[in-house]
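Here is a short report on one protein model. Look at the fold first, then read on.

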Amino acid sequence: MGNGAKAAQKRERNAKDNKVAKSQLKSNVKAMDIQCQICKSTFLKTTRAPQLTEHAVNKHSKTITECFPGYEIPTGGK
């Protein structure tokens, strides 16, 4: 067997192992559940209260409850 055949076999083996990368863009858009009621900016589900408070104070000079009325600040218990 020549080197050309070995290279072709290696390419075939590698082609089987290659998987197509999937984009997370669609799932990230679906995860944008928290929305500011004033400017309608959306935030990921995983956004924490300090980030939302920072948005409310810096952008609107308001409190977190005024900008995000449906957001419940999680307690420490599991």
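The report covers the overall layout, the core and a salt bridge.

This is a predicted model, where local features need pLDDT of at least 70, side-chain atom pairs count only at pLDDT 80 or more, and totals for chains, interfaces and linings use all residues. Residues are numbered from 1 along each chain as its sequence is written, and side-chain values use heavy atoms, leaving out hydrogens and water.

The protein has four helices and two strands. Helices (H or I, at least four residues) and strands (E, at least two) are DSSP runs, numbered from the N terminus. Their order is α-α-β-β-α-α. Of the 78 residues, 18% are buried (under 20% relative accessible area, 1.4 Å probe, protein chains only).

The largest nonpolar core holds ten residues. Such a core is a set of buried Ala, Val, Leu, Ile, Met, Phe, Trp, Tyr and Cys residues joined through side-chain atoms within 4.5 Å. Among its members are Ile 34, Phe 43 and Phe 68.

H3 gives the largest share, three residues.

The structure holds one salt bridge (a side-chain nitrogen of Lys or Arg within 4 Å of a carboxyl oxygen of Asp or Glu). Asp 33 pairs with Lys 45, with the closest N and O atoms 3.8 Å apart. Asp 33 sits in the loop between H2 and S1 and Lys 45 in the loop between S2 and H3, so the pair ties together parts twelve residues apart in sequence.

How values were computed:
Buried < 20%, exposed > 50% of the residue type's maximum accessible area, 1.4 Å probe, protein only.
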